[in-house]
2 protein chains.
Amino acid sequence: MYTIGIDIGGTNTDIGLITPEGKCLETKNLKTSNYTCAELFIDDIASAILQLMDHYEVSELQGIGVGAPCGNFYEGTMSSAFNLPFGTEVPIKAMLEARLPYKVAVDNDANAAAYGEMTYGGAKQYSNFIMLTIGTGLGSGIVIDRKLLYGYEGVAGELGHTTIIPSGRQCSCGREGCLETYVSIRGIRMTFAEIAERENKHQDKGEISLREISNLANDGDPIALETYDYTANMLAIAMANAQCFSSPEAFFLMGGAVECGDILLEPLKKYFEKHKLFIFKKEVPILKSFLPKNNVALLGAAAISVCEN
Amino acid sequence: MYTIGIDIGGTNTDIGLITPEGKCLETKNLKTSNYTCAELFIDDIASAILQLMDHYEVSELQGIGVGAPCGNFYEGTMSSAFNLPFGTEVPIKAMLEARLPYKVAVDNDANAAAYGEMTYGGAKQYSNFIMLTIGTGLGSGIVIDRKLLYGYEGVAGELGHTTIIPSGRQCSCGREGCLETYVSIRGIRMTFAEIAERENKHQDKGEISLREISNLANDGDPIALETYDYTANMLAIAMANAQCFSSPEAFFLMGGAVECGDILLEPLKKYFEKHKLFIFKKEVPILKSFLPKNNVALLGAAAISVCEN
């Protein structure tokens with residue numbers, strides 16, 4: 001059966017009609033930032049869904065999945081969703097279900113990515129895996145026995161905010177030395193700046209982008225290479241720690257920071273083998289997401305409604 | 001129904017008959033170190049079980065649980081069990097089931113402790129909790145939805161070997177900066193020695209025991225107090241990290257390092273509140289094990305056979 005995936009961001013909201021095989025037939029777009037009233041926003045989402053169904057002559061849906069910043073699976077809400085213009089909490093599941101006769105499931109972006117990989121991507125055959133989304137921040141979705149791990153408060157799987165260096169870099173969450181302060185686009189740029197300052201080089205460049213750093217690394221620049229080496233080592237320690245916790249069969253990576261060829265992935269694999277605890281004997285592949293980049297978020301959102309949890 | 005708990009250590013093996021309420025009626029003891037042949041060892045365990053059943057006129061058992069160093073739940077073996085005189089792997093489940101008509105379940109000490117707490121102790125009402133056993137080393141058992149977490153390789157839940165300080169203290173496992181190099185009896189003694197050396201004090205005492213350190217702390221000795229403060233901070237960071245992973249309802253602590261009053265527990269609770277990620281709103285109690293100290297291991301072992309997993 002067909003599903004609907006909804007990807008809500010601060011600027012844009014995409015609504016896609018997804019085939020059972022995981023193909024996105026068409027996407028409708030709303031400007032999230034244009035709405036100040038959640039009721040009108042949800043009205044327009046419901047209209048878009050009906051238009052898509054009508055156009056493709058789809059008479060029924062398996063479900064509707066919503067990926068949103070701070071989406072809460074248990075509550076069906078977008079809670080404390082900074083950058084969204086609707087106040088502190090939007091009961092989006094209840095609001096959509098009041099308008100349409102289909103089951104709605106909500107979750108955050110990283111869990112959605114894990115659902116997407118499990119349903120339509122490279123994790124179809126894995127019962128236990130960890131998805132790491134490494135972009136501006138670092139998100140994670142932890143799958144155990146084909147189920148997302150939610151825990152007591154429904155918000156488990158926040159590996160980006162585990163301390164990797166006590167009293168390390170200040171994180172926006174309030175903790176210090178969080179993994180995402182080192183392993184994220186922001187973290188990589190900060191590492192580059194620190195090494196450049198230590199070596200007294202590249203400081204003329206000012207704010208340097210991740211793309212520029214990865215280009216420098218590909219050209220053999222020692223500062224850029226050391227930056228990726230350091231980042232890979234930090235991530236490998238965190239992944240070896242995660243393995244001690246839940247012993248996954250595989251890790252999947254996606255997001256802006258892993259899209260620069262093998263500059264990150266190669267040292268990451270080397271360091272993971274170095275750091276992994278000796279009791280783990282089997283090979284644990286570290287893979288890039290198999291999902292098509294342009295529809296990752298929509299496929300992930302749609303998959304939330306497909307999976308049982 | 002009654003169960004049998006078997007606690008296998010390098011020196012002693014205890015076999016206890018346990019009531020459904022979790023009372024140990026009687027314990028038989030074997031000297032593990034006297035046996036060089038696993039077959040004879042298991043023969044004598046089986047005899048001891050039959051003697052206990054006979055004496056208390058118990059005609060049937062719910063099951064037999066075995067807690068052993070490096071006990072493997074999936075394989076039913078004691079694998080690479082250093083300090084045991086029987087070679088590298090003993091298929092203890094198969095060997096006992098060949099001798100007695102009851103189901104046998106095997107696991108390591110820390111998981112057994114978690115099973116014990118869930119079945120007979122303070123975790124009866126918790127679906128999600130983490131047991132930390134802090135003795136010579138640091139073991140852990142992670143319970144999610146009333147099930148022990150085993151993961152892909154059956155050996156998940158090794159929080160003692162997660163890196164808490166990259167490039168920190170060398171651990172016997174091969175990794176560096178493992179939690180148990182800081183938070184364990186050995187780790188606490190090493191911290192005390194380091195602080196004492198820095199402050200140029202207490203060095204006349206030579207190798208100091210945990211009991212002596214805790215006595216000093218109770219007497220207000222600043223080195224001992226700083227030792228506990230540092231240990232509590234490290235453990236609190238690790239617990240806040242574990243909360244980011246699986247969001248437990250409670251933490252349980254047991255073992256030699258937590259039996260010295262509130263010297264560890266008080267700063268631990270303070271630091272946990274400091275380090276916990278802001279998205280976790282509910283109170284997560286940090287509790288000492290409710291199990292009677294003299295029978296912790298036997299009750300834990302027995303509980304393995306009671307729980308479904």
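Tutor: Helices (H or I, at least four residues) and strands (E, at least two) are DSSP runs, numbered from the N terminus. In those terms, Ser247(B) lies in the loop between α6 (222–246) and β12 (250–254) of chain B. The model is predicted, so that local features need pLDDT of at least 70 and side-chain atom pairs count only at pLDDT 80 or more, while totals for chains, interfaces and linings use all residues. Residues are numbered from 1 along each chain as its sequence is written, chains are lettered from A and ligands numbered from 1 in the order in which they are written, and side-chain values use heavy atoms, with hydrogens and water left out.

Ser247(B) has a relative accessible area of 1% and is therefore buried (under 20% relative accessible area; exposed is over 50% and partly exposed in between, with a 1.4 Å probe and protein chains only). Leaving aside residues up to four places away in sequence, Ser247(B) is in contact with Tyr150(A), Gly151(A), Tyr152(A), Glu153(A) and Ala156(A) of chain A, and with Asn128(B), Ala242(B) and Phe280(B) of chain B; contact means heavy atoms within 4.5 Å. The side chain of Ser247(B) comes to 3.1 Å from the backbone nitrogen of Glu153(A). Along chain B, Ser247(B) and Ile130(B) are 117 residues apart, yet their C-alpha atoms are separated by 9.5 Å.

From this residue the view widens to the contact between the chains. It takes 42 residues from chain A and 42 residues from chain B. Together the two chains bury about 3500 Å², 66% of it on carbon and sulfur atoms; buried area is the accessible area (1.4 Å probe) that two parts lose on being put together, summed over both. Between chain A and chain B there are 20 residue pairs in polar contact, both residues at pLDDT 80 or more. Such a contact is a pair of N or O atoms within 3.5 Å; within protein, one must be able to donate a hydrogen and the other to accept it, and residues adjacent in sequence count only if both atoms are side-chain atoms. On the side of chain A that touches chain B, β10 (138–144) and α7 (222–246) of chain A each supply at least two residues. The greatest share comes from α7(A), with 9 residues. By class, this side of chain A has 24 nonpolar, 11 polar and 7 charged residues, where Ala, Val, Leu, Ile, Met, Phe, Trp, Tyr, Cys and Pro count as nonpolar, Asp, Glu, Lys and Arg as charged, and the others, Gly among them, as polar. The count of salt bridges between the chains is 0, a salt bridge being a side-chain nitrogen of Lys or Arg within 4 Å of a carboxyl oxygen of Asp or Glu.
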